[in-house]
Amino acid sequence: MNTGAGFGLGLGFGLTPTSVIQVTNLSSAVTSEQMRTLFSFLGEIEELRLYPPDNAPLAFSSKVCYVKFRDPSSVGVAQHLTNTVFIDRALIVVPCAEGCRFSWVDDCN
């Protein structure tokens, strides 16, 4: 039964489509080039940020990546990669609200 509520309202996402995804549970061995290659098959990438970056002096147990697509419809396709094993871990891909995209990570640079 369609209530007209729209997708994602129960998850805290509004009706405005986002073009940003957050990818978590990434192997510490993953590089930004590998992430760009993987997600470029799903749509044109405007911006990609991997944290910690490839040149980080310290070792970390996992990484997180933010990808901004030119077309918001690529976000829905990208979510289908959730639970896909990449290197040695299952990816978790979720939409990220545009208003908060990269805001907290800009302070880390």
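Reader: What makes Glu44 and Arg70 a salt bridge?

Author: The closest N and O atoms of Glu44 and Arg70 are 3.2 Å apart. A salt bridge requires a side-chain nitrogen of Lys or Arg within 4 Å of a carboxyl oxygen of Asp or Glu, so the pair qualifies. This is a predicted model, in which local features need pLDDT of at least 70 and side-chain atom pairs count only at pLDDT 80 or more, while totals for chains, interfaces and linings use all residues. Residues are numbered from 1 along each chain as its sequence is written, and side-chain values use heavy atoms, with hydrogens and water left out.

Reader: What makes Glu46 a partner of Arg70, and which parts of the chain does the pair tie together?

Author: Glu46 and Arg70 form a salt bridge, with the closest N and O atoms 3.4 Å apart. Glu46 lies in strand β2 and Arg70 in the loop between β3 and α2, so the pair ties together parts that are 24 residues apart in sequence. The element names come from DSSP runs (helices: H or I, at least four residues; strands: E, at least two), numbered from the N terminus. Glu46 counts as partly exposed, at 39% relative accessibility.

Reader: How many salt bridges are there in the whole structure, and which residues form a network?

Author: A search of the whole structure finds four. Glu44, Glu46, Lys68 and Arg70 are linked in a network. Glu47 and Arg49 also meet in a salt bridge, at 2.8 Å from N to O.

Reader: What makes the set around Ile21 and Val23 a nonpolar core?

Author: A nonpolar core is a set of buried Ala, Val, Leu, Ile, Met, Phe, Trp, Tyr and Cys residues joined through side-chain atoms within 4.5 Å. The largest such core has 18 residues, and Ile21, Val23, Met35 and Phe39 have the most contacts inside it. Elements giving two or more residues to this core include β1 (20-27) and α1 (32-40).

Reader: Which residues does Val23 touch?

Author: Leaving out residues up to four places away in sequence, Val23 touches Met35, Phe39, Lys63, Val64, Cys65, Leu91, Ile92 and Val93. Contact means heavy atoms within 4.5 Å.

Key. Buried means under 20% relative accessible area, exposed over 50%, partly exposed in between (1.4 Å probe, protein chains only).
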